[in-house]
Amino acid sequence: MTTRKIEILVGTFIVLAAAAFFMLALKVANAGVSGSGESYVLYAKFDNIGGLKVRSPIKVGGVVVGRVASIDLDRVYYTPVVKMEINSQYSNFPETSSVAILTSGLLGEQYLGLQPGFIDETVEILADGDSVQDTRSAIVLEELIGQFLFNRGN
Amino acid sequence: MITDKLQNLGRDTINNIAGFGRSGIMLFGALVGKPDFRKGFPLFIKQLYVIGVLSLLIIVVSGLFIGMVLALQGYTVLVKFGAEGMLGPLVALSLLRELGPVVTALLFAGRAGSALTAEIGLMKATEQLSGMEMMAVDPLRRIIAPRFWAGVVSMPLLALVFNAVGILGGHLIGVDWLGVDAGSYWSTMQANVDLYQDVVNGVIKSIVFAVIVIWIALHKGFDAIPTSEGISRATTQTVVTASLTVLGFDFILTALMFGG
């Protein structure tokens, strides 16, 4: 009987540890929600990406639809090119859509705001590997303050 | 004078290196060879109970209190910047990356490591190990191996429990007492914690610490001078050596995992 009791307690221990791991994986790290699932790739060129980082969220109206996969420099023009991975369930963005680098709060982290554009007969839907043409760069707070001070001087 | 000093230094060095060698031979004898699951598995389960389950209480209680203290201390600093929403990542990342594996290893060395050393040391002093050899039972395979595997399996599991309980403790203080928004506690945590970078690396750390602590504990017991004084010294050495080695390796592992 004592072996049975010990085995039950060891079983409980293993179950408890597995529960802890799943809590950490699902509730804390939130894996499986963003990592898995089909996604497709869009590109966007910016003049200045500010503090945007790899794995920064891409939001449409505040809803996360994807993540920044990589950030590179264009070899010809030396402008930043951002590779965006967007969930396949949101695959109907027209080519008139625009992307802006926004900041959550005054000091918060930066994210990509995707703004869906209008659709008519001549507008095509963005497919895997296409580029978003209409982009707005990050607002760099220091430049803004600099401009403000410069204008005040005049 | 100087030659005496040199002689002492040389003797200590030789003894240390011989100790490394003996511990390596002990582990090799215990682990290498054809495994016998039918005989070994019940012994392994028994040790999993003694080493893992009985350590659960101290792990849960310290995890809870360390999570609570982290939340309390973090809050007083973060609230000055109006950034108390970042309390979740602060608690979760400190636990997952550092405190979980390290504090679990230190507690484990104190709770289970010392007990193992004393047990095996006493077995040696009462000549049970020699008795086993007389009966053609390999004490390395029967005594050392199940304890080693039980320690290596149970410590990462204990660290996971420690992390989970600590994060819930942080929630208890941060959200229920200090009034941080529950949604921002969890959502900023989810945005900042990565499964592989943080959770899995913490588990890897914990496995490395488990091997270190359990190996030192078993070796000190197996190598103890078979007297009451020798066993007491071996038990002390287990806790001191294991704790220091864990802290040293923690720095190396942190530099490798999160330094670059």
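**Entry 1: helix 3 and helix 6 of chain B**

I began with helix 3 of chain B and helix 6 of chain B, which in this predicted model pack with their axes 7 Å apart and at an angle of about 40°.

**Entry 2: helix 2 and helix 6 of chain B**

Next I turned to helix 2 of chain B, residues 37–52, and to how it packs on helix 6 of chain B, residues 139–177. The angle here is about 50° and the axes are 8 Å apart, and I therefore recorded helix 2 of chain B and helix 6 of chain B as oblique to each other. The crossing of helix 2 of chain B and helix 6 of chain B is right-handed.

Which residues of helix 2 of chain B meet helix 6 of chain B? I listed B:Gly40, B:Leu43, B:Phe44, B:Gln47, B:Leu48, B:Ile51 and B:Gly52 on the side of helix 2 of chain B, while the residues they meet in helix 6 of chain B include B:Arg142, B:Pro146, B:Trp149, B:Val153 and B:Leu157. By class, I have 11 nonpolar, five polar and two charged residues in the contact of helix 2 of chain B with helix 6 of chain B.

**Entry 3: helix 1 and helix 6 of chain B**

I then followed helix 1 of chain B, residues 2–31, whose axis comes within 8 Å of that of helix 6 of chain B and crosses it at roughly 95°. This angle makes helix 1 of chain B roughly perpendicular to helix 6 of chain B. From helix 1 of chain B the contact uses B:Met26, B:Gly29, B:Ala30 and B:Leu31, and from helix 6 of chain B it uses B:Leu140, B:Arg141, B:Ile144, B:Ala145 and B:Phe148. I divided the residues of this contact into seven nonpolar, one polar and one charged.

**Entry 4: chain B as a whole**

How many helices and strands does chain B have? I noted nine helices and zero strands, so that the elements of chain B, read from the N terminus on, are α-α-α-α-α-α-α-α-α. The C-alpha trace of chain B spans about 65 × 55 × 35 Å along its principal axes.

**Entry 5: chain A and its meeting with chain B**

For chain A, the domain assignment gives domain 1 as 1–31 and domain 2 as 39–142, and I recorded that the C-alpha centres of these domains of chain A lie 42 Å apart. Looking at where the chains touch, I found 18 residues of chain A in contact with 22 residues of chain B. The side of chain A that touches chain B has 15 nonpolar, one polar and two charged residues.

**Entry 6: confidence**

Chain B has a mean pLDDT of 91, with 100% of its residues at 70 or more, and its confidence is lowest in helix 7 of chain B, residues 182–192, at a mean of 83, and highest in helix 3 of chain B, residues 56–78, at 94. Chain A has a mean pLDDT of 83, and 93% of its residues reach 70 or more. Within chain A, confidence is lowest in helix 2 of chain A, residues 141–153, at a mean of 83, and highest in strand 4 of chain A, residues 80–87, at 90.

Note on methods:
Residues numbered from 1 in each chain as written. Chains lettered and ligands numbered in written order. Predicted model: local features only at pLDDT ≥ 70, side-chain atom pairs only at ≥ 80, totals over all residues. Domains from an automatic or database assignment. pLDDT = per-residue confidence, 0-100. Helix = DSSP H or I, 4+ residues; strand = E, 2+ residues; numbered from the N terminus. Axes fitted to C-alpha atoms, helices over the stretch in contact; angles between N-to-C directions. Parallel < 35°, antiparallel > 145°, perpendicular 65-115°, else oblique. Left-handed = near helix turned anticlockwise from the far one by under 90°. Contact = placed C-beta atoms within 7 Å. Nonpolar A, V, L, I, M, F, W, Y, C, P; charged D, E, K, R; others polar.
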